[in-house]
Structures are given as structure tokens and as C-alpha cells.
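Please look over the model shown here.

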Amino acid sequence: MIYSQSIPQNITSTKVVQMKRSPAKTEAFHKNAQQLKELLLQKQAKVGVIGLGYVGLPLSMAFADGGYSVLGFDNNPSKVETLMKGVSYIQDVPTADVAKNLNAKKFVAFPNFAKLKECDVVVVCVPTPLSKTKDPDMSYIIGALSKIEANLRAGQLIILESTTYPGTTREVMLPHLEKAGRVAGGKDFVCGEDFFLAFSPERVDPGNQKYNVYNTPKVVGGVTEACGELASIFYSNVMEKVIRVSSPESAEMVKLLENTFRQVNIGLVNEVAIMCEKLKIDCWEVIEAAATKPFGFMPFYPGPGLGGHCIPIDPSYLSWKLRSLNYTARFIELANTVNSSMPEFCVEKISLALNEDSKAIKGSKILVMGVSYKKDIDDMRESPALDVIHLLQRRGAKVDYYDSFVPHLDWDGINMKSVAWNTNLSSNYDLVIITTDHTNVDYKSLLDNSVRIVDTRNALKDFRDERITKL
Ligand code: SAJ
């Protein structure tokens, strides 16, 4: 380890292997690496964060609180304007934190990227969605890369945090950045000598009250040994634990394993729900009893489908990459099939429940309780409630929704306002479906006043009533 004598104690390496790329330790290397290491350890380094969303803004605040000077960059001018007024638009980032760091001149936001050149470390936290054809949409990474390329200078450390397929850092980022030197009129830059490059997956869990940017272990994989060490030093000055892995590919794969693990297990438990219906067994009782096994089991729960910015998306980056290598990631593809069938499964439950009252979906008034992708947050991305609403509307139902976290729903072609809550709200509807189990709902009132309820989240687990249909 080049810097072993000064590596902070909170860095753990899973294993140290010969780096795939280790350029000669030239004069430039020692100058650039040594200078950057000192800036990092003395907290003099200027930190640039590209993408001020649910990942980039908490990260910016953490490093500003940690004593660094942070320059935030976002190509959405209204986000920059809001931040420069000292206001946060991210649920997990208090406005007081933004105002404090702004006033302390520890954080400034920019709509353009000219100041990137001033940054000693640049962290890329841009979205990596799927395209309409379910292929990786790399446009945000490519956009950020072009700004970095235009401002790259010797001594900078570039870290990609956006979730992506294994190989992105080395195959996409590296070649562009090495050419940046030639663009600037010099010879090509050499990674690990003139600049440093690493991957470190974001592990932000929106709304998680227990785990945050400080106490969630940070995985880091550098293109060279020095890249990995400098990135580890960077994070270890703010985060409690840094986990070194041997390469950016390994770090990219860590995140995809984490989220594929969830996607596949949620797919499994959704199929268990479908099987239990055919067996006329209560799947929630089965899962609850299985969860009493103190070892070798981790409960997941069925639901109306798979929402969020990570779980439904990230595994498809992995399966896409493997398809390019002529391999089919069968578990991922199967889990996608099962998870995306759940909205239809729920609508079938609604149809059967209405049949009990000799009603059809067409013409029925249906209340959708909860539209965000998981409980107690306002995030709508990939929310399965949207699919349920689309399916019901297509079948001629008159659909309203209630969600105190989402007062106005303008998403995915749906433009609705939440109805106002009152204790006998549900009495106005032929059927209620609980699609998101927010904890701030009075479920007893909801049940007492409902004609029929389809509960896709076991929110009514404490009630026994023949009006309730569970997944
Ligand atoms: N879901 C189920 N059944 C489950 C768990 C989740 O249907 O048993 C659904 C949720 O309702 C939601 C979707 O899956 O629609 C995703 O839920 P999630 O709990 O995985 O929450 P996310 O999408 O916010 O995932 C984040 C991820 N964090 C990062 O990627 C950095 C994930 O890795 C975390 O493990 C997860 O939070 C978490 O543990 O809460």
C-alpha cells in the first residue's frame, strides 16, 4: 500500500490483489498523488459533486459538514436556484443543513460546470435509468463525463457513484479522460499518474431513519492501487467505514449484487403469493412463520409490484451487460417477469372482490390508498400503484387516490390530485385497494367504512373481516 503509513484505520480491504493497471511511479505520479493525499488528509481538497439529487445532495452536505469546501453542479437550474436560497428539495436533507453550509461558504451550487477545474475530487452522482427498450440509458453519465473531460487537470480524483454495469468506469470513463490531456494540447493523460479514477456505489436508502451516508459502509474500487487508496482516504475522512475492493468492476458488481439479491427475492415471494392463492393458503402467515427461523432465512414480502430508483432498474444493467457477452441472466429476467405481472394480479383480485357484490370494474368507483413506491416516502419512480391505476382506468373504473405524501400526482400520463382524508372517506367507493402502506393512515376507520378492501401490503394484518381480500 503506497500510503499504508497514513491510511486511516476505518479502511478494510476485502483482499489485496495485483492491480490490473499499475503505471510506473513517475515523477508526475508522486507529485500528483502526494499533493492530493495531503489535500485530502488536511481537508483542504475542493470537492465537486455532479448531480444534486437523493445521492449527490446528502453526499455534498456530508462533506461540507466534514469540513471540505463543496461545489455542487446540476444542469437543472431550478434545483440550483432552490439550493442557493438555502432550501432543500430532498426529503432526507433538512433545509437547515443546506442553509448552514451555504452561509458557512462550505457549499455552493452551480448550473454550469466551469468551476469543475477547481475541484480536486469530482464525484458523479447522476441517474442511470433504463431506456424505453429497457437498455441502460448512459446519457447522464456521458453528459457528466464530457464536462469532466473539458475541465480535467493533473492531480484530480474522479469517482463514479452512479449504479451501472461492470466495466463502465474502465471502458467508458477511462478512455475519455485519458484523451482529455491531448485535447488540452498535451500528451494523453495517464490514469493513476496524471489523474485518478475509481468507482464507489451509492447506498442511499430514501427514508431510512437508521442508515445514512455516514454509517453505511462505503465500497471503493480504484483503476490502480493509488486510485483506490486516494478514493479510500477521501471517503474515510467522512464515513465510518470504507471497504476496499480490487477493481472498479468489482465495486460496480457489488452494488448490482446487492440490488439483484432484492429484486430476485421479491420476485420469489411474489410468486409464493401467487402459488398460495392457488393453494388457498395465507402467504403472509407463511412468511411470518418462516421468518421465525433464526438462521438461513430473510423475509421479503409480496406487493403490487416493484418500484423505486434502484431495484427494478439496476439488475437490468447487469443482465444487459451479460447479454452482450452472450449470456442470459436467467434469475433477473424471470424475477422481472414475475414482479411486472403483479399489478395485473392485483387488478384480478379487485375484479373477484367486486364480483362478490355483483359489480364489474367498469363503472365502479375505486379508491387507491397510497401511490408512492414504498411506505412513508413521496417518491413515485416506477411505483406499481401507477400501473394499477392505468389498468383500472383502462377497464373503465372511476379511480381516485389518497396519499398524504403525494398531494398531486402528475406522472407517467396520470394527472390527479389526492382526495382529502376524512374518517368515512372509503364509504364513497365500491372498493378500496391499499397499494402503499403508509403508517400515517387510520386503517381502522378505513376498514369500518369500506364496502370491499384489497390489501396488497398486509396493512390490515390486525383485522379479520370478510370484506378484506389479501394478496
Ligand atoms: N418491495 C417488496 N417487497 C419487499 C421489499 C420491497 O415488494 O419485501 C418493494 C417496495 O415496495 C418497493 C420496491 O420493492 O416498491 C423496492 O423496495 P426497497 O425496499 O428495495 O427500497 P428501495 O428501492 O428504496 O431500495 C433501496 C436500495 N438502496 C440502494 O440501492 C442504495 C436497496 O439497496 C436497499 O436495500 C433498500 O433501499 C432497503 O434496504 O430499504
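This is a predicted model: local features need pLDDT of at least 70, side-chain atom pairs count only at pLDDT 80 or more; totals for chains, interfaces and linings use all residues.

Residues are numbered from 1 along each chain as its sequence is written, and side-chain values use heavy atoms, without hydrogens and water.

**Ligand**

Around the ligand lie 19 residues, each with a heavy atom within 4 Å of it. Asp205, Asn259, Arg262, Tyr301 and Tyr373 come nearest. By class, the shell holds nine nonpolar, three polar and seven charged residues. Asp, Glu, Lys and Arg count as charged; Ala, Val, Leu, Ile, Met, Phe, Trp, Tyr, Cys and Pro as nonpolar; the others, Gly among them, as polar.

The table lists polar contacts, pairs of N or O atoms within 3.5 Å.

| Residue atom | Ligand atom | Distance |
|---|---|---|
| Val204, backbone N or O | nitrogen | 3.3 Å |
| Gly307, backbone N or O | oxygen | 2.9 Å |
| Tyr373, side-chain N or O | oxygen | 2.7 Å |

On its own, the ligand has 730 Å² of accessible area, and the protein covers 85% of that. The areas come from the Shrake-Rupley method with a 1.4 Å probe.

**Helix packing**

Helices are DSSP runs (H or I, at least four residues), numbered from the N terminus. Axes are lines fitted to C-alpha atoms over the stretch in contact, and angles run from 0 to 180 degrees between N-to-C directions.

Helix α5 (residues 139–151) packs on helix α6 (residues 168–183) at about 25°, with axes 9 Å apart. α5 and α6 are therefore roughly parallel (angles under 35 degrees).

How values were computed:
A polar contact is a pair of N or O atoms within 3.5 Å; within protein, one must be able to donate a hydrogen and the other to accept it, and residues adjacent in sequence count only if both atoms are side-chain atoms. Helices (H or I, at least four residues) and strands (E, at least two) are DSSP runs, numbered from the N terminus. Angles under 35 degrees count as roughly parallel, over 145 as roughly antiparallel, 65 to 115 as roughly perpendicular and the rest as oblique.
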